[in-house]
Amino acid sequence: MTLLEVNDLHVTYAGDPAVEAVRGVSFTLEEGETLGIVGESGCGKTTLAQAVMGALPDNGEITGGEIIFDGQDITHLSNRQRREIRWERMSMISQSAMNSLDPVYRVKDQIREAIQEHRDVSDAEAYERSRELMELVGLDPDRVEDYPHQLSGGMRQRVIIAMSLALDPDLIIADEPTTALDVIIQEQILYRIKELQRELGNSMVMVTHDISVVAETCDSMVVMYGGELMEAGNVDEIFNNAHHPYTLGLQNAFPSVEGEKRDLTSIPGSPPDLSEPLEGCPFASRCPFAAPECEEKVPVREPVDGHRVRCHEPVPFEQIRDRSGEDETWLSQNKV
Amino acid sequence: MSDQNKTALDSESNVDALDTELSTWRERQADAWRRRLAFLKREPMGLAGILILLAIVLVAIFAPVIAPYEPTETDYGNSLAPPSAEHPLGTDSAGRDIFSQLVFGARPALQIGLLSAISVAFVGMNVGLVAGYYGGYVDDALMRLVDFAYGIPFTPFIIVLVALWEPSKWTIVGAIALLLWRQTARVVRSHVLNLKEKPFVKSARTVGASDRRIIYRHIAPNVLPLVFLYGSFAIAWAILTEAAISYLGFGDPTAVTWGQMLQSAQQSQALARDAWWWFTMPGIAIMLTVISAFLIGRGYEEQLNPELQEP
Amino acid sequence: MAITEQSLNWDYDGPIMEVAGLEKHFPQSTGIVHQLIGGDTKHVKAVDGVDMAIESGETMGLVGESGCGKSTLGEVLIGLQEPTGGSIKFLGTELSSMSDAQHKEFRRNVQMIFQDPYESLNPRFSVEQWIREPLEVHDIDNQDERIYEALERAELTPPENYIGEHPHELSGGERQRVSIARALVLEPKFIVADEPVSMLDVSVRASILNLLRKLVDELDMGALYISHDLSLIRQMCDRTSVMYLGKVVERGPTERLIKGPKHPYARALLDAVPVPNPEHNISEPQLEGEPPDPVDLPEGCNFRPRCPFAAEECFEEPGLDAYETADGEHAAACWRVETVDEM
């Protein structure tokens, strides 16, 4: 069953100039599934997550498209209605959240508050629940008595995860949940998140710049660039059979400790200015395969080999795949 | 994009290049100022402050043109005259024109305010920079000095100092400089503690830059906005202090200042004699100047610390 | 440069940078009451007895979790922090016994590239001023030419497009190139790069890494590359040292270390690096918890309390010679390498 459906979503930040950060992105998320949204800084992935969560900054507004959650259109709900869904049915773990714990309250009080905001439970019940949650995320339950500064960064991030699970939501949106952490702590936390998901059966959206995190934790993925969807599909499919030059560029730029060492490629140039309207492919200016037709509107092609690609295919995909692994391919673009 | 400097001066034909370079430089400077002053657009209170202060500065500069009489010119036949066409704000007990006194009083007020601000900024910034940068014993010693300065009650200290020296505006500036640097020093120091850990300062140390260079070329420019902020508050404090000291009778009796006007009004029991124009007018002048300085400081502060704007 | 009597020994053919038993202990601030009753001052042992030698033209990787002391070690090597023990030799000359002239020469030849491209440039300096500063400090002539050359080396071309810019006008990748140009304008012989790409977008990382590697090669510098990410270290470094709680626990040629780590900590560290391969699902972490503060360290092996393979013999502290391959290239401070290999 489909839990979340996002159709042709547009999000704009008011200002001078206005910035259209998300430009027509569509995807679906099945119950119990994990979807990775991957892209570099400024690609709109965090805005997308915030729009789904109903937590856009004040100057951000959904300017088109729809978000359907569990059969209900939640695109234009009032703040109050959104608040009811937020935390209770969907919750968010963000990159900066571990610094958002209030330093003057004990952990137990912060978890209790999160619970009592939505549920009519006694202090004692909330306390019991907070200890349970601590255990769930792999922390010593007695640490609910601690203040945030007594916990390490990794522990604080676990507390945030505990809070996001407090009301047993159907959907968890994790926005770069481990970016600030060391690899060993990252592994512990990602593992815990996955285990909990297996136990509790909730769905998850994982927003990250790290394609290896997506590879290890997600079932399907969306690759974003310049506010638009470039390629989407099942993780195995995208990693083994990517079509889009940007996806391939990203994969070839990513180092690995596995297998034989290979040279990495880089993608010269910089992302498009999202305050300007863009007719064609946002990646065209950095794409070594770009052709005149790439200045025209790019349709999302209907599933090719089981996944969606947004590319005119100026040269056959087989060729793109072969040539994108070589650094010269990308550098030649820079010289033009 | 600016050209290479080294070739620019070689031949006559390069005068054009130099010209364009100069004009791009001017544009840059203008841009920088526009950015620096951009806060005024968002801070109408700050803009109001600047306008008031600007008006007072103009009045001070053109005092001889604006004032209808010599401020010290007496006319005993016309003492305590209420406002009229002849004396727009009336006269005092010696028949001196209140309006002219007010206009000339803007001069010492601004002199004292600006000089105090500059000396407070100078002392406070340097103490803060040195204490914060060197840390250790230097920091301890300087910060104890700051604590000591904090421990001294402001007005009594200035009265004692004015009594010891001679009553003049320089004494007041000196006294304020001796005390008010404490806050600037403390704030600058805490910022320096933060700044000196920044990678760009480490980078300067890595290339071998001297302490002096690091302090004045890398750190100081980044605390200047703060110094400016506390300087603008010092203007307000200095003007208030001068008024208070003069009112209490420790001022220079020959000077035409707003504080002296209040003092002589009090001496002559202007209130009991219903000469309201004598004491309200200098009061309003002091208030306006002080408020304008506070408004500028406040508006600037909100720009520096955006968090302050959040409810 | 004129060779004076006091000049460093440029004919020295040993390692460009060599440290032995290097220590950096920070006194931990304790309460005044504690001090009054005469309690001992405890020390945070950020760097605790490190031996390391880096040759010209070689990049040494230094990997470990945050708090393991790797950044402190880097700063001590370039003289940003004073060591509290041990020796640092640059071109064979002991740093602490250098004359003023030699020290100035050291300062000029040892540079650093920092992690955060947004904080490591002075926001008020233009690119030109920023790169000129080291030349001014060391009173070097032909400044304009050198600035152009450094910008070209850092692949900021054409230089005219960059010299007038201020940091806020540049992208993260460009800023990092400016940092590289500044570090290289003095033509240093040793360079420390502390996580220089961790804050950059994936698509520009490779170009910065490739640039650094090329420059180390061309300029025949020695380099220390600090990172918590073994996949980046792998792209950059000839040899790698793994650091845990102030000590080097394993050292070897990078490829050999990645294909066959020996110390249990290195094994866990490698296992924790996510791999861009969907067949590789996240596995159960080998290590629970986090490293303790390097204050009250356990007796024997530092890693013992967290080590899944700890045994009786681990109460005795292992040195890097506890395990060594026959060729002497790969070493680990662990008594139980063979036992664990068999498991």
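Biologist: How many salt bridges are there between chain C and chain B?

Modeller: In this predicted model, the count between chain C and chain B comes to five salt bridges. One of the pairs that meet in a salt bridge is B:Arg213 with C:Glu133, whose side chains lie 2.7 Å apart, N to O.

Biologist: And how many residue pairs are in polar contact across that interface?

Modeller: The rule finds 14 such residue pairs across the interface of chain C and chain B, with both residues at pLDDT 80 or more.

Biologist: Which elements of chain C give two or more residues to the side that touches chain B?

Modeller: Those elements are β6 (110-113), α4 (127-137), α5 (143-153) and α6 (160-163) of chain C, and the largest share, seven residues, comes from α4(C). By residue class, that side of chain C divides into 14 nonpolar, seven polar and twelve charged residues.

Biologist: OK, what area is buried between the two chains, C and B?

Modeller: About 2500 Å² is buried between chain C and chain B, and carbon and sulfur atoms give 51% of that area. On the chain C side, C:Leu80, C:Glu119 and C:Arg124 supply 20% of the area buried against chain B, which is more than any other three residues supply.

Biologist: How many residues does each chain bring to the contact?

Modeller: Chain C brings 33 residues to the contact, and chain B brings 23 residues.

Biologist: Switching topic, which residues of helix α8 in chain B are buried?

Modeller: In α8 of chain B, which spans residues 154-164, the buried residues are B:Phe154, B:Phe157, B:Ile158, B:Ile159, B:Leu161 and B:Val162.

Biologist: What covers them?

Modeller: The cover over the buried residues of α8(B) includes α9 (169-195) and α11 (211-247) of chain B.

Methods. Residues are numbered from 1 along each chain as its sequence is written. Chains are lettered from A and ligands numbered from 1 in the order in which they are written. This is a predicted model: local features need pLDDT of at least 70, side-chain atom pairs count only at pLDDT 80 or more; totals for chains, interfaces and linings use all residues. Side-chain values use heavy atoms; hydrogens and water are left out. Buried means under 20% relative accessible area, exposed over 50%, partly exposed in between (1.4 Å probe, protein chains only). Helices (H or I, at least four residues) and strands (E, at least two) are DSSP runs, numbered from the N terminus. Contact means heavy atoms within 4.5 Å. Buried area is the accessible area (1.4 Å probe) that two parts lose on being put together, summed over both. A salt bridge is a side-chain nitrogen of Lys or Arg within 4 Å of a carboxyl oxygen of Asp or Glu. A polar contact is a pair of N or O atoms within 3.5 Å; within protein, one must be able to donate a hydrogen and the other to accept it, and residues adjacent in sequence count only if both atoms are side-chain atoms. Ala, Val, Leu, Ile, Met, Phe, Trp, Tyr, Cys and Pro count as nonpolar, Asp, Glu, Lys and Arg as charged, and the others, Gly among them, as polar.
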